[in-house]
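Me: I would like to go through this model with you and ask what stands behind the words used to describe it.

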Amino acid sequence: MPSLEEELFPSTPGKFKDRNRHFHRCFASTSTMFLWALFLIALTASYLCFQSFMDSGNRYFTATWGGHHWEKNVINSAQIRRSHGGMSVLVTGAAGFVGSHVSLALKKRGDGVVGIDNFNNYYDPSLKKARKNLLNQNSIFIVDGDINDSKLLVKLFDIARFTHVMHLAAQAGVRYAMENPGSYIHSNIAGLVTLLEVCKNSNPQPAIVWASSSSVYGLNEKVPFSESDRTDQPASLYAATKKAGEEITHTYNHIYGLSITGLRFFTVYGPWGRPDMAYFSFTRNILQGKPITVYRGKNRVDLARDFTYIDDVVKGCIGSLDTSGKSTGSGGKKRGPAPYRIFNLGNTSPVTVPMMVAMLEKHLKVKAKKNFVVMPGNGDVPFTHANISSARKEFGYKPTTDLQTGLKKFVKWYLSYYGYDQGKL
Ligand SMILES: *[C@@H]1O[C@H](CO)[C@@H](O)[C@H](O)[C@H]1NC(C)=O
Ligand SMILES: *[C@@H]1O[C@H](CO)[C@@H](O)[C@H](O)[C@H]1NC(C)=O
């Protein structure tokens, strides 16, 4: 969309000249001049009005919450419905990809689950709404609100005694950070600190499991990536905020005795996935006959990712919750050391992006139109590869779905969700 200035003053010099002459003719009489002035004032006023509307339409706090009915929903949803070792979990980002899957898995085995999500429009909110409906059908209540809203969080901890927090709300994506850096600070830094503040003040304190990212390995070249490797050369603001999150959670563990487990996810994919990820947008474009852009590294080296299937990641999240250990503080005071853990949740078998595309072509039965482009240095790293021996040792984490199988399940979901199985193909 051209800016206002561009529309009033086209950049082509020829056009501008013509308009200039026209301009002079129009201003010949004072009455026309008066009308012009009125018109300009009206234009400016409506522009300013629109501007302030955009500003005040703060996308973070548009939700309403509270009231008797709302509280009843939260209490019901948080209720543990199994006899031994059940937990009551607050899942942040519950309408997100991983959040919705983890919520369903917890509910299925009888744990209490309350979700929170701000339903922002980073990607198609209708997909988040659809996930929410799926959760609602399974008796999981999702609060429409933001994790940086401390009043809301305090209220939630007041009415439901969460034993655990599964913190998955975040601003994701490595390239979008150049467009909207503030969004990463809002969710991944400010939101995280607000959540930790409420958790450390609550009594008893919950144990926290949260999503860090494999992107913290940044430009590392030693493979596979192990948890003890250096993580001080991030390639994107997204990675930097996740790394900051690891440090911030460490201080809350150290000072207040919060039990913390950080999970470094490796390119999680599958049904109900995120439309901003390559496998998802490639599928969309291939089906619509549009070309896809495949990035390549220097010297035409293919990018590779340790693609990890959603069900494997869900098992890792639940294994982390089950083994998290207790927070030791109360009323904001630490009573003793609490666990601080970090685990890779990957698949341990990287696949190149062109190989991933070939698998999609096979499942979709359509050839992709590929444009190979040299990767711009704006956030993506050349490859990822997880060493998962630590998670295996701690809670028996063992991914079982290879990319071929996982993409088949994704494509099946995609075709059904977007109605391709009703004769569109
Ligand atoms: C987050 O909440 C805090 C405390 O309520 C507020 O001061 C801050 O401006 C918020 N930060 C962002 C980035 O929205
Ligand atoms: C994987 O990590 C473990 C520590 O969790 C380490 O002992 C092992 O050497 C690593 N393996 C490789 C291949 O780097």
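Reply: pLDDT is the predictor's confidence in each residue, from 0 to 100. The mean pLDDT of this protein is 88, and 84% of its residues reach 70 or more. This is a predicted model, in which local features need pLDDT of at least 70 and side-chain atom pairs count only at 80 or more, while totals for chains, interfaces and linings use all residues. Residues are numbered from 1 along each chain as its sequence is written, and chains are lettered from A and ligands numbered from 1 in the order in which they are written.

Me: Where does pLDDT stay under 50?

Reply: Residues 1-23 are one such stretch, with six contacts beyond four places in sequence, and residues 52-59 are another, with one such contact; a contact means that two C-beta atoms, placed from the backbone, lie within 7 Å.

Me: Why are helix 5 and helix 6 called roughly parallel?

Reply: Helices are DSSP runs of H or I with at least four residues, and strands are E runs of at least two, numbered from the N terminus. The axes of helix 5 (residues 97-108) and helix 6 (residues 125-137) come within 10 Å and cross at roughly 5°; that makes the two helices roughly parallel, because angles under 35 degrees count as such, over 145 as roughly antiparallel, 65 to 115 as roughly perpendicular and the rest as oblique. S100, S103 and L104 of helix 5 make the contact with R131, L134 and L135 of helix 6.

Conventions
Axes fitted to C-alpha atoms, helices over the stretch in contact; angles between N-to-C directions.
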